[in-house]
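Subject: Structure handover

Hi,

Here is the structure I promised you. My notes follow below it.

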Amino acid sequence: RPGMLTFAAVIMFIVAGLEALSALLAFAGTGWWATSEGNLVYANFVFYGILDLIIALIALIAGIDILRGGTYGLMVGYVFAIMGAIRWLFVIPAAPVLAVVVLALCVMVIYGLAKHSDYFEEGA
């Protein structure tokens, strides 16, 4: 398996872990969902916790599938990386260094998946 595919799978595992942490914080009712005045941004923590758990599960399965050479992991990896890149483009004014780093990671995942797409065709 090419190293860039292993990198893409590890990034998917990191996404899964961070989403699981976000779900845990939502279920605990803490985290970054409060404004500086103390008002809640989201009122329904359970809904967002369940949503974050579903995203974490999808990312975990995609990471495992990338390691196995499955096309599900390839497609979900593309979707997550593209959506992540688009999302972090909007964060550039607030946190330029972090946004550029995350954008670079997203581009590396897309590059790794695109360059080694023949690995997925052989595994099918």
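Ile 86 is partly exposed, because its relative accessible area is 42%, between the 20% and 50% cut-offs. Keep in mind that this is a predicted model. Ile 86 sits in helix H3. Ile 86 also belongs to a nonpolar surface patch of about 690 Å².

The largest nonpolar core has 16 residues. Met 12, Ile 66, Val 109, Leu 113 and Phe 120 touch the most other members. Four helices each supply at least two residues of this core: H1 (3–28), H2 (45–68), H3 (71–89) and H4 (96–115). H1 gives the most, with 6 residues.

Last, the rings. There are 2 aromatic pairs. Phe 47 and Tyr 48 are edge-to-face, at 5.1 Å centre to centre and 80 degrees between the planes. Phe 47 is partly exposed at 46% relative accessible area, and Tyr 48 is partly exposed at 27%. Tyr 119 and Phe 120 are also edge-to-face, at 5.7 Å centre to centre with 80 degrees between the planes. Phe 120 counts as buried, because its relative accessibility is 1%, under the 20% cut-off.

Best wishes

Note on methods
Residues are numbered from 1 along each chain as its sequence is written. This is a predicted model: local features need pLDDT of at least 70, side-chain atom pairs count only at pLDDT 80 or more; totals for chains, interfaces and linings use all residues. Side-chain values use heavy atoms; hydrogens and water are left out. A nonpolar core is a set of buried Ala, Val, Leu, Ile, Met, Phe, Trp, Tyr and Cys residues joined through side-chain atoms within 4.5 Å. Buried means under 20% relative accessible area, exposed over 50%, partly exposed in between (1.4 Å probe, protein chains only). Patches are made of residues with over 30% relative accessible area and no salt bridge: like charges are joined within 9 Å, nonpolar side chains (Val, Leu, Ile, Met, Phe, Trp, Tyr) within 5 Å. Accessible areas come from the Shrake-Rupley method with a 1.4 Å probe; for residues, only the protein chains shown count as cover. A salt bridge is a side-chain nitrogen of Lys or Arg within 4 Å of a carboxyl oxygen of Asp or Glu. Rings of Phe, Tyr and Trp (its six-membered ring) pair if their centres lie within 6.5 Å; planes under 30 degrees apart count as stacked, over 60 as edge-to-face and the rest as tilted.
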